[in-house]
Amino acid sequence: MTNTVALANAAVRGVRRSGRRLARLWRQSLRFRTLVIALALTSVAVLVTCVLMALAVQNNLWESRKDQALNDASRAAKSAQAVLSSANTQGTQTAEFGLMRDVSDTVQSVSSSRVVGVFPLDSRPSSAGFTLGGFSRDELVTDQLQQRVEKDSAKQWWQPIALRDVDGSTHAGILVGQQLTASGSGSYALYIAYDLTDTEQTLVLVQGSLWVAGIVLVALIGLIAWFALRTVVHPITEAADTSARFAGGDFDVRLPVRGQDELATLGRSFNAMADSIEAQIKELGELSLVQQRFVSDVSHELRTPLTTIRLAAEMLNDRREEFDPTTARTAELLQTQVHRFDTLLADLLEISRYDAGSVQLETEAISLAHLAEDMVDEMRPLAQTHDTELRFVAPGGHTPVDLDPRRVRRILRNLIGNAIEHGEGRPIVITVDSNQNAVAVGVRDQGMGMTPEDAERVFDRFWRADPSRQRTIGGTGLGLSIALGDARLHRGALTVWSRPGEGTNFVLTLPRGSRPLDGASPVPLEPVEAIAEIGVSTDPIAIAPAGTASAQSRQPENAEEES
């Protein structure tokens, strides 16, 4: 019983797998879909045609064979009636028997059937009639046919019958009945049975031929459709492959052009489009190289005079107490703007490296929780100047992962700095957590927030939600763009959630090792009220070095997960 159930389950699974494969092939293959539709419609058309032709042939054969039997029986009846009309039995039994022999000989000579029965219609004994060919009145003649023959002497009546062979098998036949009148000896009923075996065999042969022809026709149409589809679909597949290669960066690939038909026109149009796109891409590439070279050269050329200006500004700022208030304020502003200019040049150089594709990671195994805590401690003095409290929560992320610490610090410095600047003095929550696939850190402020439209553009270069808003920390407008590039360089993601009046939440998610990101981030992007409340009311967590007893005791749920 168990084996039977297992085999049944295996069969069901096999059928389901086959169904899924066919469904996938139906969705992905134009050739398969078109061929199946063509074969299905052709099969329906051939089936309807074969059925109609078979019915027409059957009706024609039956009508023809019936008319032939009726004509043959009519001739035999006329000949037998002539014999009966010319005879005079004078009521003697011997003469009547002789007359029946004459009728029998006449019917056999005229009719093509040898199954004949003649029976008197009055009360005379049945010996007055005769039967030929094993005619059985009880098996073949129905009461209805007998009554009609007795009542109407002028008409010919017939009915379908089943004739029985010697071996007991039956086959179709037709029985024709007609009344005969003999002068001086009463009336007789003439029954002649015709065998329709030859007609039945002909019908089976014709129907079989029709079905074989239909199957062959469907197969031929399927083969023709396959060749036609191959002729049409192959260039389309070739165009799709060429387009994919072109989209992948192989700008030299082109479609072969054969003939002058529509497909050739498509190939020439595609090649012309590819030539145009290639030329534009090369032009844009050259312009991009010129732009990158210009930014890089300008940035490098500005380094030397900027260093001199920065040193002079620092010297003036250090001696500002010796100046009058206006000059002292000027020296202080000069120092601030020179520092901002220096940061802007560094960011421009970094952006030019990203544009040139020359950025490389310098990874090392480090705990994201420790790194984030260091950045929180580093940014705490800045937060205090803005009367902002930083809260650090780290339920996970203590296990070392491979990352570039300099770039991750830069991301966190930028996110925490933006939160301090736009948090309006409310507490900021920095959350670090992890799962089996990734580690993540979230920076949540409760400031003014942004609209969803502004949040979509927050990573654009030099973009600000409110152009009139002044930067109090001295950002360059490139920090979030560089942070997004650093996250993607780690094969990670930097996402943002923001609502006006509810604040903003940035989440940096980094994969573990070489595995790509899969599933939800360990830190939810949309803040949960419970988490927000914990962040506001929880003091910063002092993280012990990885592997110590205290660190392990604080995270029993994540220890197994992060291992």
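Two strands count as paired if DSSP finds at least two bridges between them. The views below come from a predicted model.

**View 1. Strand β9 with its neighbours β7 and β10.** Here β9 (residues 428-434) lies with strand β7 (residues 390-393) in a parallel pairing of four bridges. Look for Arg-391, whose bridge partner in β9 is Val-429. β9 is also joined to strand β10 (residues 438-445), this time by six bridges and in the antiparallel sense. With three residues between them, β9 and β10 make a hairpin.

**View 2. Strand β9, covered on both faces.** How many of the seven residues of β9 are buried? Seven of the seven are. One side carries Ile-428, Ile-430, Val-432 and Ser-434, and the other carries Val-429, Thr-431 and Asp-433, all of them buried. Note that Val-429, on one of those covered faces, is the residue that bridges to Arg-391.

**View 3. The five-stranded open sheet.** Reading across, the strands come in the order β2-β1-β5-β4-β3, with antiparallel pairing. From one strand to the next, the twist averages 25°. Helix α6 (residues 197-247) packs on this sheet and touches β4 (170-182) and β5 (186-195). The direction of α6 makes about 145° with that of β4.

**View 4. Strands β1 and β2 side by side.** Three bridges link β1 (residues 115-120) to β2, and the two strands pair in the antiparallel sense. To find your bearings, pick out Val-118: opposite it in β2 stands Phe-130.

**View 5. Helices α2 and α6.** Now the sheet-packing helix α6 meets helix α2 (residues 30-86), with axes that come within 9 Å and cross at roughly 160°. Because that angle is over 145 degrees, α2 counts as roughly antiparallel to α6. The crossing of α2 past α6 is right-handed. By type, the residues in this contact split into 23 nonpolar, 10 polar and four charged.

**View 6. Helices α10 and α12.** Helix α10 (residues 405-422) and helix α12 (residues 479-489) have axes that come within 9 Å and cross at roughly 140°. Their crossing is left-handed. From α10, the contact residues are Arg-407, Arg-410, Ile-411, Asn-414, Leu-415 and Asn-418. From α12 come Gly-479, Leu-480, Ile-482, Ala-483, Asp-486, Ala-487 and Leu-489. That makes for seven nonpolar, three polar and three charged residues in the contact.

**View 7. Helix α12 and the residue that follows.** α12 is mostly covered, with nine of its 11 residues buried. Among the buried ones are Ser-481, Leu-484 and Gly-485. Asp-486 is buried too, and it takes part in the contact with α10. Just past the end of α12, check the backbone at Arg-491, where phi is positive at about 60°.

**View 8. Asp-275 in helix α7.** Asp-275 sits in helix α7 (residues 262-318). Its relative accessible area is 41%, and because that falls between 20% and 50%, Asp-275 is classed as partly exposed. How far apart are Asp-275 and Arg-254 in space? From C-alpha to C-alpha they are 8.9 Å apart, and 21 residues separate them in sequence.

How values were computed
Residues numbered from 1 in each chain as written. Predicted model: local features only at pLDDT ≥ 70, side-chain atom pairs only at ≥ 80, totals over all residues. Heavy atoms only, no water. Axes fitted to C-alpha atoms, helices over the stretch in contact; angles between N-to-C directions. Contact = heavy atoms within 4.5 Å. Left-handed = near helix turned anticlockwise from the far one by under 90°. Nonpolar A, V, L, I, M, F, W, Y, C, P; charged D, E, K, R; others polar. Parallel < 35°, antiparallel > 145°, perpendicular 65-115°, else oblique. Buried < 20%, exposed > 50% of the residue type's maximum accessible area, 1.4 Å probe, protein only.
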